[in-house]
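Reader: I have a model open and a list of terms I keep meeting. Could you take me through them, one at a time?

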Protein chains: 2
Amino acid sequence: MSDARPLAVAVAGLGTVGAEVVRLVRAAADLHAQRCGRRLEVVGVSARDRTKDRGVDLGGIDWYDDAVTLARSAPAEVIIELIGGSDGVARAVCHEAIAQGRHLVTANKALLAHHGAELVWAAEAKGVALGYEAAVAGGIPAVKGMREGLAANRLDRVVGILNGTCNFILTGMRESGRDFATELATAKARGYAEADPTMDIDGIDAAHKLVLLAQLAFNGAIAFDSVHVEGIRGLATTDIGYAEELGYRIKLLGIAERMGEGVCLRVHPCMVPRDLPISTVEGVLNAVVAYGHEVGEVMMVGQGAGAGPTASAVVADLLDIARGCRVPPLGAPVQCLAPLTHVPIADRQGAYYLRLMVLDRPGVIAEIAAHMRDQGISLEGFIQRARSPDVAVPVVMTTHETTESAMQAALGEIAALPVVLEAPVLIRIETLNHQ
Amino acid sequence: MSDARPLAVAVAGLGTVGAEVVRLVRAAADLHAQRCGRRLEVVGVSARDRTKDRGVDLGGIDWYDDAVTLARSAPAEVIIELIGGSDGVARAVCHEAIAQGRHLVTANKALLAHHGAELVWAAEAKGVALGYEAAVAGGIPAVKGMREGLAANRLDRVVGILNGTCNFILTGMRESGRDFATELATAKARGYAEADPTMDIDGIDAAHKLVLLAQLAFNGAIAFDSVHVEGIRGLATTDIGYAEELGYRIKLLGIAERMGEGVCLRVHPCMVPRDLPISTVEGVLNAVVAYGHEVGEVMMVGQGAGAGPTASAVVADLLDIARGCRVPPLGAPVQCLAPLTHVPIADRQGAYYLRLMVLDRPGVIAEIAAHMRDQGISLEGFIQRARSPDVAVPVVMTTHETTESAMQAALGEIAALPVVLEAPVLIRIETLNHQ
C-alpha cells in the first residue's frame, strides 16, 4: 500500500445512515484498505443526543455536540454530512468543511438541488472533493456511472425512477387494487414512508435527484424552480387499471432531456409501455436510464434508499478520495459549465391519456372530440364501457403525439363543459423512444 | 484546465471498433477536454491494410505497419489494443506497451481471461494503467461500477447476460418459435454473429467476461479453465416453450458466486423466473447483476457490443487516465489478491428442469422417479401431455433443490434406460435469490 496514513473522516449526523456509515467503515476496514491503499478511520461524530443507543460502537471516536464545530475542528480530512435539509445546519456544515480545506461527502439531495452551485464553486476553489453519490438513487452508482462511465458521450436524456416510496405505492396499488391512501399507510408501516410523506409523494424528492442527474448529464447548472413537478397523491386505482388494459404501467418518472438548444426537466406520473425494462422495476427499487450519443441506452437498477445502500455509496466516495481520484463534481470544472436554457413543459411533445367522468348523453363524445380537433389533437383510441343515463361514467381517450400546450388548451375547454362532472385526469404517455 | 498538454494515444487495430475510437476521439475532442482537463489526440495507428477505406479520416496520424512497433515507438502515453485474440500480436503489443512505460487500454477479453494476471503484474510493476472497461459488457460501465461504485461492499455474486449474440438468438427463438439454426442465420444476417460463431454460441466469450467480472468481485485471480462452460447450440424450441409454460425464460447466464471458502464460475443456459428484471433483458442487450453485502443487488443493462458502445468504454478509460485517476485493475493491488479456491459445478445446489423423450409405456414415470428418489432428489412437478404408444413422447420434470452431483448421477442412470430414446435435456433453474 502506497500510503500507510489513514484517511480520517468525521460524520455529522447519526441517523440510520450515519450510524451505518460508522459501522461499515469499522467492520470492513481491511477490505477497504486493500482496495484503496489506506485505512479509513472515523475520528469524530456529531448528533443531537449523545445518550441515544444507535446500535453502533462509538468507542474511541470524538463526540461533538455541534456539527459546525465538528466540521471546523475535528482532525479529519473528510467531513460526511448526513444531517439533511436544504438549509440550516447542513448547509453551514458543508460550507465550514470546505472553508477548512476538508473534503466533503454528503447524501443531501435537497441541499445540493437548491445550493449545489455555491458548494461546487467553493469546493473547486479550495481544491477539495465534493462527493454526493449517496444523494442520487441510493446504492446505485449513478453519479459515477454517468460522470465517469459514460464520460465519452454527449448525454441527451436521463430518465429515472427516483423515489422508492412512490414506486412502492404504485406497485402496491397495481398488484392489490387498493387505493393510494391504503398503500401509503402500508408504506409507512413498512418504514418506506415518513410520518410526513410530502417530499416523497409530491415528487419533490425525485425532482431534487433529477436536478443532480441533469446537471451531470448536461454539464450545466439547473435551477430547482425550473423543474415541473407533479406527485402521485391524486392517482386513482381506476387509472392504474386502464393503464394495464392499454398495455402501460404507471410510474413516477423524472425526465430530463435536451430539447432544441435547451433542456426540459419534469417529474410526473407517466404511462410507460409495460414491456420496457424500466417498467419491470418494482417496489422500492430505483432506476436510472441514461441515453448517450455513442453508447445508446444504459440502465442501472438498485436500492434507492435505506441505511445499507446509502452507506455503500458514501463509502464509495470515501474510497475515491482515499485513492486520490478527483473528478469535478459536475463532470467538468464549474467555469466550463454551459448555461442551459430552460424549456417549459408546455413544449413537451408526446401522447396523452385522458379520463373524463361524463354524463352519458348523445353527442358527448363528439363534443369532446371536437375540442381536441380544434387544437389539432388526433385521437388514438377511446374506451367507454359503462352506460348509465344521468350518472357520471368514465370515458378514456388516448391521443397521438401532440404538444402539451395544445393538450392543456383542449383540456381547459373540455373541463368547462357542463357534461364533464369531475376534474379530468391527464397522464402523459412516455414511450421513451430515442429521438 | 489544469494540464494543457494533450494526452497522446495510439490505436493498434482498425476494425470497426478501432475506427470508431479514432472518430469519436476526434469528433468529441472539445467535450472530452472539458471533462478531463486535457485534449485527447490520436498520434498513431496500425492495421494490416493501409489502403482500406475505414470511413474515418486518418489525416495527420502516423501509420505503423507493425503493431508492436507502434507500441514501442509511437509518441503516445497510451496504447489502445483492439486487435483481438488471446495470444499472438495482441499479447505482444500489450507487453510491449507496458514495457515501454505506456498506459494500456484494451477491449480484449480473451487475452485478459487467459493472460490477465501476467499483464496486471507487469502494469502494476511499471506503474501504468491497464484499462479494460470495453472488454466486459461493451458500453455498460460494469468494471467501473463494480470496482469503484460498489467498492465498499464484499461482493458475493455476479450474474450476467454477457453475450448479445446468444441473447438475440434466444429472444428470437422464443418470440418466433423458430429453431436455433434459423435464428443463428438471422443473427449473422443482422451482423450480430460472426461467420464462425463458435466463441459466442458455445459460451466461451461469455466465460471470458465472467472471469474478468469474478476477479473484480472477489479480488483474486481465476484460471479460465476453472469455468464450467456450456453454450446454446443444443437448445430446442420445445424447451423454450416449456420454459414459458412453467413461468421461466431461458437465458445464457454467466454466474460467479462465493460458495463456502471458494468460488464457483459457470456459463450455461438457465431457466430464470420470467418476472425477474434480468429476464426482461432481451435481444442484443447485456446485463450485469452484482450482489453486495451492503448495497444488495445492483443491475446494469446496455449494449454489450458494437462499435459505438465499445468505443464509449475505451474512451471512458482514456478520460480516467487523462484525469490521473488510477485504480488497481483488479480492484486491489495484485500482491493483496486472495488465492481463490475453485468450487466445481458438481457442488451447485439448485433446482433442475429435465426433458426426456420416452416410450409411453406403463411404469415409465415410476421407473424414472425411482432413480431420482434413489439420489435423494424430490420432484416438484411433471408434464406429460402427448400420448402415443411406441413413439417417443416428451416428459418434462422439475425438481426441488438438490445438488448437481446427485442430479448428474440420476441422469446417468436415466439416460441408460431402454425406454429413454434421446439424450436427456437438463437445464438448471436459477431463481437468483439471495443466499
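Author: Start with a single residue. A:V314 touches A:V21, A:I80, A:V105, A:A107 and A:A134, leaving out residues up to four places away in sequence. Keep in mind that this is a predicted model.

Reader: What makes A:V314 count as buried?

Author: A residue is buried if 20 or more other C-beta atoms lie within 10 Å of its own. A:V314 has 30 of them within 10 Å, so A:V314 is buried. Its place is in helix α12 of chain A.

Reader: Next, A:E81. Why is A:E81 called buried?

Author: Apply the cut-off of 20 or more C-beta atoms within 10 Å. A:E81 has 29 C-beta neighbours inside 10 Å, so it counts as buried. You will find A:E81 in strand β4, residues 78-81 of chain A.

Reader: Which residues is A:E81 in contact with, beyond its neighbours within four places in sequence?

Author: Among them are A:A12, A:G13, A:A90, A:V93 and A:T106. Take A:G13: its C-alpha is 6.7 Å from that of A:E81, and the two are 68 residues apart in sequence.

Reader: Now helix α2 of chain A. Which of its residues are buried?

Author: A:H32, A:A33, A:R35 and A:C36 are buried in α2(A), which spans residues 29-36.

Reader: How do you know that they are on the same side of α2(A)?

Author: Look at the arc of the directions from the helix axis to their C-beta atoms. That arc is only 165° around the axis, so they are on the same side of α2(A). The buried residues of α2(A) pack against β2 (40-46) and α12 (307-323) of chain A. Just after the helix, A:G37 takes a positive phi of about 85°.

Reader: And what does α2(B) pack its buried residues against?

Author: They pack against β2 (40-46) and α12 of chain B. The buried residues there are B:H32, B:A33, B:R35 and B:C36. Just after α2(B), B:G37 has a positive phi of about 80°.

Reader: Which residues have the most contacts inside the largest nonpolar core?

Author: A:L213 and B:L213 do, in a core of 296 residues. Leaving aside neighbours within four places in sequence, the contacts of A:L213 include A:V136, A:M146, A:V158 and A:V288.

Reader: Let us turn to the two chains. How many residues of chain B are in contact with chain A?

Author: 47 residues of chain B are in contact with 47 residues of chain A. On the chain B side, α2, α6, β12 and α12 each supply at least two residues. The largest share, 9 residues, comes from α12(B). By type, the chain B side has 24 nonpolar, 15 polar and 8 charged residues.

Reader: What makes β12 of chain A and β12(B) a pair of strands?

Author: Two strands pair if there are at least two bridges between them. Here 3 bridges join β12 of chain A to β12(B), so they pair, and they run antiparallel. A:V301 stands opposite B:M299.

Reader: Why is the relation of the chains called a two-fold axis?

Author: Chain B can be laid on chain A by a turn of 180° and a shift of 0.0 Å along the axis, with an RMSD of 0.0 Å. That is the relation of a two-fold axis. The same surface serves both copies: 100% of the contact residues of chain B recur in chain A.

How values were computed:
Residues numbered from 1 in each chain as written. Chains lettered and ligands numbered in written order. Predicted model: local features only at pLDDT ≥ 70, side-chain atom pairs only at ≥ 80, totals over all residues. Contact = placed C-beta atoms within 7 Å. Helix = DSSP H or I, 4+ residues; strand = E, 2+ residues; numbered from the N terminus. Nonpolar A, V, L, I, M, F, W, Y, C, P; charged D, E, K, R; others polar. Buried ≥ 20, exposed ≤ 12 C-beta atoms within 10 Å, placed from the backbone. Core = buried A, V, L, I, M, F, W, Y, C linked by C-beta atoms within 7 Å. Least-squares fit on C-alpha atoms with pLDDT ≥ 70 in both.
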